[in-house]
Amino acid sequence: EPKFKGRSEFTTGLVSNFDAVIATGSSNTNRYFDYYFSKWPRIVRSNRSGLAILNGTETRDELARLSDDVFLFYGLGCRNVSACLVPKHFDTGLLADALAAGANELTNNHKWVNNYDYQKAIMLVNNEPFVDNGSLLLRYAHSLVSPVAVLNLIPYENVDEALDFVTNHATELQCT
């Protein structure tokens with residue numbers, strides 16, 4: 001018999017008569033959970049992201065294999081890489097080309113294409129620079145979270161700066 005059988009319950013209604021709480025949600029929702037459940041023992045988890053760290057010596061094949069980490073779980077937060085730390089003078093065109101094959105498979109997914117078209121239109125209207133490989137947009141943005149069909153690139157000067165970024169964002173990272 002499972003150890004927790006009869007000891008846990010899932011509900012969408014009003015929560016009452018409990019000993020402890022485990023909850024997950026966005027960073028904003030996390031604040032409400034912390035407040036609402038402040039009198040009880042709790043584990044409350046907020047948003048997490050996946051981050052790739054590139055050093056500029058990656059082969060085209062290695063960059064192409066990164067596409068699995070970027071595309072397999074797109075839109076599911078911590079399950080996919082939504083940002084890459086890259087050296088300051090990184091060849092974004094090489095990365096865009098290497099990721100193209102993985103992204104091209106998603107051009108048959110209307111939700112992906114709608115997000116791609118929408119994000120591209122926003123970047124064009126805002127005169128935001130980006131690299132477009134026809135199915136994925138790469139942009140420089142100092143954020144771990146990116147919209148669907150966008151990969152954020154976060155430049156760094158040296159290894160210490162990259163490590164500082166990871167350390168300073170450790171509570172926001174699921175995997176690196």
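**Salt bridges**

Mentor: R65 is exposed, at 52% relative accessibility (exposed means over 50% relative accessible area, buried under 20%, partly exposed in between, with a 1.4 Å probe and protein chains only). This is a predicted model, in which local features need pLDDT of at least 70 and side-chain atom pairs count only at pLDDT 80 or more, while totals for chains, interfaces and linings use all residues. Residues are numbered from 1 along each chain as its sequence is written, and side-chain values use heavy atoms, leaving out hydrogens and water.

The partner of R65 is D61, in a salt bridge with an N to O distance of 3.8 Å. The term stands for a side-chain nitrogen of Lys or Arg within 4 Å of a carboxyl oxygen of Asp or Glu, and by this rule there are five salt bridges. D61 is partly exposed, at 47%. Both residues belong to helix 2 (residues 60–71), four residues apart, or about one turn of the helix. Helices (H or I, at least four residues) and strands (E, at least two) are DSSP runs, numbered from the N terminus.

Another salt bridge joins E157 and K88, whose closest N and O atoms are 3.0 Å apart. E157 is in the loop between strand 7 (150–156) and helix 5 (159–168), and K88 in the loop between strand 4 (81–87) and helix 3 (92–104), so this pair ties together parts 69 residues apart in sequence. K88 is partly exposed, with a relative accessible area of 45%.

E128 and R139 also form a salt bridge, at 3.7 Å from N to O. E128 is partly exposed at 22%, whereas R139 is buried at 15%.
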